[in-house]
Amino acid sequence: TTLFRNLREMKILMSNNLPYQEYVKRGYFEVKESTWDKDGYPQLYAQTLMTGKGLIWLQKIVEAERAA
């Protein structure tokens with residue numbers, strides 16, 4: 001929860017926890033879309049996934065923040 005809040009404050013994630021397109025294009029995140037049934041009707045949802053490249057990038061950001 002804290003990580004996602006910080007990423008929203010840094011304007012990396014939108015308010016719905018989906019990454020801005022810029023960060024998807026850079027290869028830091030992937031968005032997986034799936035459906036589930038609610039009362040017999042399919043509902044679409046998106047899940048934000050961080051790639052290995054994104055984890056390395058985020059680690060550099062965190063280290064820079066700690067050093068500052």
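This is a predicted model: local features need pLDDT of at least 70, side-chain atom pairs count only at pLDDT 80 or more; totals for chains, interfaces and linings use all residues.

Trainee: What makes β1 and β2 a strand pair?
Mentor: Pairing requires at least two bridges, and 10 bridges join β1 (residues 29-38) to β2, the two strands running antiparallel.

Trainee: Why is Leu49 called partly exposed?
Mentor: Leu49, which lies in strand β2 (residues 41-50), has a relative accessible area of 31%. Buried requires a value under 20% and exposed a value over 50%; 31% lies in between, so Leu49 is partly exposed.

Trainee: Which residues does Leu49 touch, apart from those up to four places away in sequence?
Mentor: They are Tyr28, Phe29, Glu30 and Lys32. Leu49 and Tyr28 are 21 residues apart in sequence, with their C-alpha atoms 8.7 Å apart.

Trainee: Why is Thr48 called buried?
Mentor: Its relative accessible area is 19%, and the cut-off is under 20%; Thr48 therefore counts as buried. This residue also belongs to strand β2. Beyond its neighbours within four places in sequence, Thr48 is in contact with Leu13, Asn17, Leu18, Pro19, Phe29 and Glu30.

Trainee: What makes the approach of Asn17 to Thr48 a polar contact?
Mentor: The backbone oxygen of Asn17 lies 2.5 Å from a polar atom of the Thr48 side chain, and the cut-off for such a pair is within 3.5 Å.

Trainee: How do you know that the span of α3 is close to the expected value?
Mentor: Helix α3 (residues 52-67) has 16 residues and reaches 23 Å from its first C-alpha to its last, against 22 Å expected at 1.5 Å a residue.

Trainee: Why are the buried residues of α3 said to line one face?
Mentor: The residues concerned are Gly54, Trp57, Leu58 and Ile61. Seen down the axis of α3, they fall within an arc of 100 degrees, so they line one face of the helix. They pack against α1 (2-9), α2 (21-25), β1 and β2. On the other side of α3, Leu55, Lys60, Arg66 and Ala67 are exposed.

Trainee: How many aromatic pairs does the structure hold?
Mentor: It holds three aromatic pairs.

Trainee: Why is the pair of Tyr23 and Trp57 described by the angle of its planes as it is?
Mentor: The ring centres are 5.6 Å apart and the planes stand at 40 degrees.

Trainee: How do you know whether Tyr23 and Trp57 are buried or exposed?
Mentor: Relative accessibility is 12% for Tyr23 and 15% for Trp57. Since the cut-off is under 20%, Tyr23 counts as buried, and Trp57 does as well.

Trainee: Why is the pair of Tyr28 and Trp57 called stacked?
Mentor: The centres of these rings lie 4.2 Å apart and their planes are at 10 degrees. Centres within 6.5 Å form a pair and planes under 30 degrees apart count as stacked, so this pair is stacked. Tyr28 sits in the loop between α2 and β1, 29 residues from Trp57 in helix α3.

Trainee: What do these ring pairs form?
Mentor: They link Tyr23, Tyr28 and Trp57 into a cluster.

Definitions and conventions
Residues are numbered from 1 along each chain as its sequence is written. Side-chain values use heavy atoms; hydrogens and water are left out. Helices (H or I, at least four residues) and strands (E, at least two) are DSSP runs, numbered from the N terminus. Buried means under 20% relative accessible area, exposed over 50%, partly exposed in between (1.4 Å probe, protein chains only). Contact means heavy atoms within 4.5 Å. A polar contact is a pair of N or O atoms within 3.5 Å; within protein, one must be able to donate a hydrogen and the other to accept it, and residues adjacent in sequence count only if both atoms are side-chain atoms. The expected span of a helix is 1.5 Å times one less than its number of residues. The arc is that of the directions from the helix axis to the C-beta atoms. Rings of Phe, Tyr and Trp (its six-membered ring) pair if their centres lie within 6.5 Å; planes under 30 degrees apart count as stacked, over 60 as edge-to-face and the rest as tilted.
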